[in-house]
Amino acid sequence: MRIRFAAPAVLAAAALVGLAASPSQAAAHQSGIHIGLVQFDSPGKDTRSNTSLNGEWVNIHNNSKSAVQLKGYKLKDNTGYTYTFGSYKIGAGKTVKVRTGKGKNVSGTVYWNRGAYVWNNTGDKARLYTSKGALRDSCSWKTAKSGQKNCH
Ligand SMILES: [Ca+2]
Ligand SMILES: [Ca+2]
């Protein structure tokens, strides 16, 4: 008889453990497509040369277990400047760097083709939207000596 009463108590305890475990799992490393490292202050003097513009970049990282087609995904700053991804398949565990200046897209790097900086050194916010317009991730920063923000 005692065992029959004990069983529901064990189940209830297991359920409590399950509930307690989920918030810590959610707080773990971001899953899927997200913003990684951001170099918001191009190294050296901000001369606005194409080399300097390309010294400013945002990494988009895929830590899901499958490749994702980024076509139509959008990257936006606080002002609303927008980079829209063309066809780009990001593999599982891979990173694609979005550089601000002009250049020819290759595997691992795509170019915004801007003639001016987009990520403010004094503070800004990067937002990543899916092709359906849903906010996927965002990351903000204030001025930092390194000029970098780790958004992982
Ligand atoms: Ca600089
Ligand atoms: Ca900006």
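## Overall architecture

From the N terminus on, the elements of this predicted model's protein chain run α-β-α-β-β-β-β-β-β-β-β-β-β. That comes to two helices and eleven strands, where helices (H or I, at least four residues) and strands (E, at least two) are DSSP runs numbered from the N terminus. The model is predicted, so local features need pLDDT of at least 70 and side-chain atom pairs count only at pLDDT 80 or more, while totals for chains, interfaces and linings use all residues. Residues are numbered from 1 along each chain as its sequence is written, chains are lettered from A and ligands numbered from 1 in the order in which they are written, and side-chain values use heavy atoms, with hydrogens and water left out.

Of the 152 residues of the protein chain, 34% count as buried; buried means under 20% relative accessible area, exposed over 50%, and partly exposed in between (1.4 Å probe, protein chains only). The accessible surface of the protein chain is about 9,100 Å², with 55% of it belonging to carbon and sulfur atoms; accessible areas come from the Shrake-Rupley method with a 1.4 Å probe, and for residues only the protein chains shown count as cover. Among contacts (heavy atoms within 4.5 Å) between residues at least 6 apart in sequence, 56% join residues at least 24 apart.

An open sheet of four strands has the order 5-4-9-10, with antiparallel pairing; two strands pair if DSSP finds at least two bridges between them. Strand 5 (82–84) and strand 10 (135–142) are the edge strands, each pairing on one side only. The twist averages 15° from one strand to the next, with axes taken as lines fitted to C-alpha atoms, for helices over the stretch in contact, and angles running from 0 to 180 degrees between N-to-C directions.

Strand 4 (residues 74–76) and strand 9 (residues 123–129) pair in the antiparallel sense over three bridges. Lys74 stands opposite Tyr129 in strand 9.

## Nonpolar core

A nonpolar core is a set of buried Ala, Val, Leu, Ile, Met, Phe, Trp, Tyr and Cys residues joined through side-chain atoms within 4.5 Å. The largest one has 25 residues, and those with the most contacts inside it are Ile35, Ile60, Leu70, Leu75, Phe85 and Trp119. Strand 1 (33–39), strand 2 (57–62), strand 7 (95–99), strand 9 and strand 10 each supply at least two residues of this core. Strand 1 gives the most, with three residues.

Not counting residues up to four places away in sequence, Ile60 touches residues including Ile33, Ile35, Leu75, Phe85, Val98 and Leu128. Asn62 lies in strand 2 and is buried, because its relative accessible area is 0%. With the sequence neighbours up to four places away left out, the residues that Asn62 touches include Gly32, Ile33, Val68, Ile90 and Lys94.

Ser42 counts as buried because its relative accessibility is 2%, whereas Gly44 counts as exposed at 63%.

Asp124 is buried, with a relative accessible area of 4%, and Asn120 is partly exposed, with 35%.
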